[in-house]
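Me: I am new to this one. Please show me the structure, and then I will ask about it piece by piece.

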Amino acid sequence: MANRILIVDDAAFMRMMIRDILTKNGFEVVGEAQDGAQAVEKFKELQPDLVTMDITMPEKDGIAALKEIKELDPNAKVIMCSAMGQQAMVIDAIQAGAKDFIVKPFQSDRVIEAINKTLGI
């Protein structure tokens, strides 16, 4: 069975880029969300194996959403996505329970490496 992944990013273009990388590599994208509040709802509804989460989003940022998801499921696997220069936020995210982070613009091999490592593939 393919690993089920939820993509969270406020930019439709970024969601599309990650979706393409994932589907080409045999992963199943079960849902997408465009902000942290949607991410938490979709996580509850879809129960994905892994979440890719943008850090900077309107409504609720990725770190707040990560903390809520970890409260719902302490074993949730979340990989944060950040633009260059957000190191402090990445550290906050790791401390909040993120398993890894990938930097935008996405490089296909780095995305797959982070996901495989997090899922233990």
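Me: Is Asp 54 buried or exposed?
Reply: This is a predicted model, where local features need pLDDT of at least 70, side-chain atom pairs count only at pLDDT 80 or more, and totals for chains, interfaces and linings use all residues. Residues are numbered from 1 along each chain as its sequence is written, and side-chain values use heavy atoms, with hydrogens and water left out. Buried means under 20% relative accessible area, exposed over 50%, and partly exposed in between (1.4 Å probe, protein chains only). Asp 54 has 3% relative accessibility, so Asp 54 counts as buried.

Me: Which strand holds Asp 54?
Reply: Strands are DSSP runs of E with at least two residues, helices are runs of H or I with at least four, and both are numbered from the N terminus. Asp 54 falls in the run of residues 50-54, which is strand β3.

Me: Which UniProt annotation covers Asp 54?
Reply: UniProt positions are given in the numbering used here, feature names are shortened, and annotations may be inferred rather than shown by experiment. The record is an unreviewed entry, and its annotation for Asp 54 reads "modified residue: 4-aspartylphosphate".

Me: Which residues is Asp 54 in contact with, leaving aside neighbours within four places in sequence?
Reply: Contact means heavy atoms within 4.5 Å. By that rule, the partners of Asp 54 are Val 8, Asp 9, Asp 10, Gly 62, Met 80, Cys 81 and Lys 104.

Me: What is the N to O distance in the salt bridge between Lys 104 and Asp 54?
Reply: A salt bridge is a side-chain nitrogen of Lys or Arg within 4 Å of a carboxyl oxygen of Asp or Glu. The side chains of Lys 104 and Asp 54 meet this way, N to O, at 3.0 Å.

Me: How many residues apart in sequence are the parts that Lys 104 and Asp 9 tie together?
Reply: The side chains of Lys 104 and Asp 9 form a salt bridge at 2.9 Å, N to O. Lys 104 lies in the loop between β5 (100-103) and α5 (108-119), and Asp 9 in the loop between β1 (4-8) and α1 (12-24), so the parts they tie together are 95 residues apart.

Me: Where does the salt-bridge partner of Arg 19 lie?
Reply: Arg 19 pairs with Glu 32, with the closest N and O atoms 2.5 Å apart. Arg 19 is in helix α1, while Glu 32 is in strand β2 (residues 28-33).

Me: How many salt bridges does the count come to?
Reply: Some share partners, joining Asp 100, Arg 110, Glu 113 and Lys 117 into one network. The count comes to nine.
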